[in-house]
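Grab a pencil and work through these exercises with the structure in view. Try each task yourself before reading the solution.

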Amino acid sequence: MTTRTRSHRILLIDDERSIRDLVVRQLATELPDIEVIPIGDPETQQRAIEAGDFDLVITDYQLEWSDGLTILREVQARYPACPVIMFTGTGNEEIAVQAMKDELYDYILKPAHMVRLSASVRGALEQHKEHLAKLQAETLLARSTATLAALVNSAPVGITILDTEGKVTLWNRAAERIFGWRAAEVIGRPLPTIPPEMAEQHRALREQVLQDRAFTDLEVIRRRKDGTPVCISLSTAPLRDAQGRITGILGIMADISDRKQAEKTLQESQGRLKQF
């Protein structure tokens, strides 16, 4: 469904032509920026609903081919953000209560309350605009979240997030490759990579980050799932919520075991050369 900037489109479903003409004139006079599509038969109604190019539906309750509750539910099923107004002279209190439970925007008796219709249409169109904006924001957020997740998982370095209690809330694929634990094995648990002899050092480091300190390229020893040690270059920083409160710790880890081994080999070679 689309919202046109030049005009809002309204489906007006009523089997009485005189009522359709009256509503079209009323709305055209008070709301010149809208386009009313009068519908007086089931075929035209079905085509219009399937096309979806409208922002609001006004329907009678008792129609020759259907009823307002059925139309309300069909519109909601297809276009949840689209408001529906029931403008009827054949309904009753029970129908009105049921329609409002089904999230009808407004229930107006005709023709006695005709003057209410324009104001109700304005309110419904504003609600529709707000709903569309919310849906668009949610869609953008979902796309951004998916993009961020893809970036994190494709990163060449291990990325993890700990909550303030030290439990893992994020563990990317590079972390799985470095340490051998799958995300499902570590999420919600304390880091399994800390050797017992490094536990106190890790606790002290975590406390410092939670006190708003960041560290870059710390060389630390961690362990893999098979128990073997791995040398890691670790960078950490506190994570904050929208109010600026620290909610966790970001850790970025690079496996530098090969580099450290190469440095050790070079040092040993240089030491042997000095002996000659």
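A salt bridge here is a side-chain nitrogen of Lys or Arg within 4 Å of a carboxyl oxygen of Asp or Glu. The model is predicted, so to speak of local features we need pLDDT of at least 70, and side-chain atom pairs count only at pLDDT 80 or more, while totals for chains, interfaces and linings use all residues. Residues are numbered from 1 along each chain as its sequence is written, and side-chain values use heavy atoms, leaving out hydrogens and water.

**Exercise 1. Find the partners of Arg9 and say where they sit.**

Step 1: Arg9 forms a salt bridge with Glu35, and their closest N and O atoms are 3.4 Å apart.
Step 2: Strands are DSSP runs of E, at least two residues; helices are runs of H or I, at least four, and both are numbered from the N terminus.
Step 3: Widen the view: Arg9, Glu35 and Asp53 are linked in a network of salt bridges.
Step 4: Is Arg9 buried or exposed? Buried means under 20% relative accessible area, exposed over 50%, and partly exposed in between (1.4 Å probe, protein chains only). Arg9 has 17%, so it counts as buried. Glu35 has 30%, so it is partly exposed.

**Exercise 2. Work out what the Lys110 salt bridge ties together.**

Step 1: The partner of Lys110 is Asp14, with the closest N and O atoms 2.6 Å apart.
Step 2: Lys110 lies in the loop between β5 (106–109) and α5 (114–154), and Asp14 in the loop between β1 and α1 (17–30), so the pair ties together parts 96 residues apart in sequence.
Step 3: Check burial: Lys110 is buried because its relative accessibility is 12%, and Asp14 is buried because its value is 2%.

**Exercise 3. Sort the aromatic pairs by geometry.**

Step 1: Rings of Phe, Tyr and Trp (its six-membered ring) pair if their centres lie within 6.5 Å; planes under 30 degrees apart are stacked, over 60 edge-to-face, and the rest tilted. How many pairs does this rule give? The count is 2.
Step 2: Phe54 and Tyr79 are edge-to-face, at 5.3 Å centre to centre and 90 degrees between the planes. Both Phe54 and Tyr79 are buried.
Step 3: Trp171 and Phe179 are tilted, at 5.7 Å centre to centre and 35 degrees between the planes. Trp171 and Phe179 are both buried too.
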